Amino acid sequence: MIKAITAGLIFLFTLAVHQPAFAGPAEDRRAFVAYFESRFPDIPFAEYANGIYAIDQDARNQWIEIEEFPPYEFAVEQGESLWQETFADGKSYSDCFNSSEADVRQNYPRVDGLTGEVITLDMAINLCREEHGQKSFEFGGEEILALSAFIAFESRGNVFDIMVDEDDPQALAAYEEGKRFYYSKRGQLNLSCADCHVASAGQYVRADHLSASLGHPTHFPVYRSKLGSMLSLHQRVAGCIRDVRAKPFDLQSTEYRNLEYFLTYMSNGLEANGPGARK
Amino acid sequence: MASTIKVKTKLSDDVATVKSLMLHPMETGSRKDPDSGAIIPAHHITQLIFTNNGKQVMVANFSTAVSKNPYFSFSFNGAKAGDTLNISWVDNIGEKGELETQLK
């Protein structure tokens with residue numbers, strides 16, 4: 001019996017040693033989550049959906065006060081009336097998304113089977129409009145933010161389960177591109193996303209705490225008090241990239257969409273809880 | 001869109017706590033358009049009035065120092081369930097917003 005156990009252990013050990021150098025998305029995600037679990041052992045997994053408010057108690061108290069009267073409500077209302085729009089050909093958004101508004105947010109981003117491109121929610125909204133002969137919205141504009149805020153609000157509580165099909169080279173390539181973007185140093189400050197939001201998560205950056213990357217995409221779009229308006233995930237990423245003194249990419253560029261794909265996959269298992277309120 | 005005002009009220013004994021949020025750009029008049037350089041004209045709430053059953057319970061004179069989409073909270077005595085709370089604002093170019101609600 002002992003012999004068998006020892007043999008088993010040796011076998012397991014050999015397996016561990018001989019793991020291939022390539023780690024697939026599933027292994028990446030386990031390692032990503034395990035890192036934050038060991039770094040913040042007191043924070044339950046579900047809390048990461050709240051971003052920095054999982055870590056910073058003082059900011060959390062302010063946020064709870066704000067959530068009592070959420071500043072994104074106006075955007076949600078505007079989004080609701082936009083959602084009910086009937087297009088010239090009699091179709092509406094619910095035809096495009098093939099579901100009610102309450103079952104949408106957690107399905108994005110996804111990889112289009114034909115083009116192999118990552119489709120984000122904002123992009124899907126515009127694709128829908130174009131398909132039905134409507135003028136597309138400007139990315140980062142008031143309408144698309146309101147519409148995505150409404151969709152996120154209605155889809156609250158649904159769990160992200162983004163698929164990266166390892167047999168689909170296009171999906172895998174998009175994932176790998178997003179991952180490379182995430183870990184690449186950039187700008188005059190020579191920082192990668194991971195330098196701040198993995199290695200230094202929870203530490204001060206000037207007067208604020210750095211959020212953990214786990215759960216970053218779940219609560220977008222957000223209302224930012226300092227801007228007094230809604231903000232998309234890509235606008236937020238652009239802000240980060242400016243802060244490290246690099247030139248931001250265009251909203252909904254391939255770079256950002258791949259990054260969103262990677263990040264959201266990392267946050268699988270968390271609830272969609274957008275729109276959020278952030279200072 | 002519905003009203004430009006949102007309100008929540010809470011009664012404990014005869015003290016009503018009112019929390020309100022207004023949708024307003026609150027332009028100060030000293031900001032410039034980043035593209036054209038032209039000054040964005042001032043556009044801000046000048047007066048916000050709360051009346052309870054027709055009696056003024058709070059008057060606030062706002063100027064340019066108040067944030068966009070202002071949040072305003074206060075409490076007052078002598079309230080009872082079913083009272084009609086009326087909120088109205090007027091801004092410097094004459095636009096108005098109004099909302100009526102019952103205390104509960």
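At what angle do the axes of helix H4 (residues 73–83) of chain A and helix H7 (residues 142–154) of chain A cross, and within what distance do they come?

Modeller: The model is a predicted one. In it, the axes of H4(A) and H7(A) come within 7 Å and cross at roughly 95°. Because angles from 65 to 115 degrees count as roughly perpendicular, H4(A) is described as roughly perpendicular to H7(A). By class, the contact of H4(A) with H7(A) has ten nonpolar, two polar and two charged residues. H4(A) contributes Ala75(A), Val76(A), Gln78(A), Gly79(A), Glu80(A), Leu82(A) and Trp83(A). On the side of H7(A), these meet Glu143(A), Leu145(A), Ala146(A), Leu147(A), Ala149(A), Phe150(A) and Phe153(A).

The contact between the chains takes eight residues from chain A and eleven residues from chain B. On the side of chain A, those residues divide into three nonpolar, three polar and two charged.

Chain B itself is built from strands, with zero helices and seven strands, and read along the sequence its pattern is β-β-β-β-β-β-β. The C-alpha trace of chain B spans about 55 × 25 × 20 Å along its principal axes. Of the 104 residues in chain B, 21% are buried. Where contacts in chain B link residues at least 6 apart in sequence, 52% of them join residues at least 24 apart.

Three of the strands of chain B form an open sheet in the order E1-E2-E5, with antiparallel pairing. Strand E1 (5–12) and strand E5 (71–76) of chain B stand at the edges, and each has a single partner strand, so one side of each is left without a neighbour in the sheet. From one strand to the next, the twist averages 15°. Within this sheet, E1(B) runs antiparallel to strand E2 (residues 15–22) of chain B, and eight bridges join the two. One of the residue pairings can be named: Lys6(B) has Leu21(B) as its bridge partner in E2(B). In general, strands of a sheet pair through backbone hydrogen bonds, either parallel or antiparallel.

Definitions and conventions:
Residues are numbered from 1 along each chain as its sequence is written. Chains are lettered from A and ligands numbered from 1 in the order in which they are written. This is a predicted model: local features need pLDDT of at least 70, side-chain atom pairs count only at pLDDT 80 or more; totals for chains, interfaces and linings use all residues. Helices (H or I, at least four residues) and strands (E, at least two) are DSSP runs, numbered from the N terminus. A residue is buried if 20 or more other C-beta atoms lie within 10 Å of its own, exposed if 12 or fewer, and partly exposed in between; C-beta atoms are placed from the backbone. Two residues are in contact if their C-beta atoms, placed from the backbone, lie within 7 Å. Two strands pair if DSSP finds at least two bridges between them. Axes are lines fitted to C-alpha atoms, for helices over the stretch in contact, and angles run from 0 to 180 degrees between N-to-C directions. Ala, Val, Leu, Ile, Met, Phe, Trp, Tyr, Cys and Pro count as nonpolar, Asp, Glu, Lys and Arg as charged, and the others, Gly among them, as polar. Angles under 35 degrees count as roughly parallel, over 145 as roughly antiparallel, 65 to 115 as roughly perpendicular and the rest as oblique.
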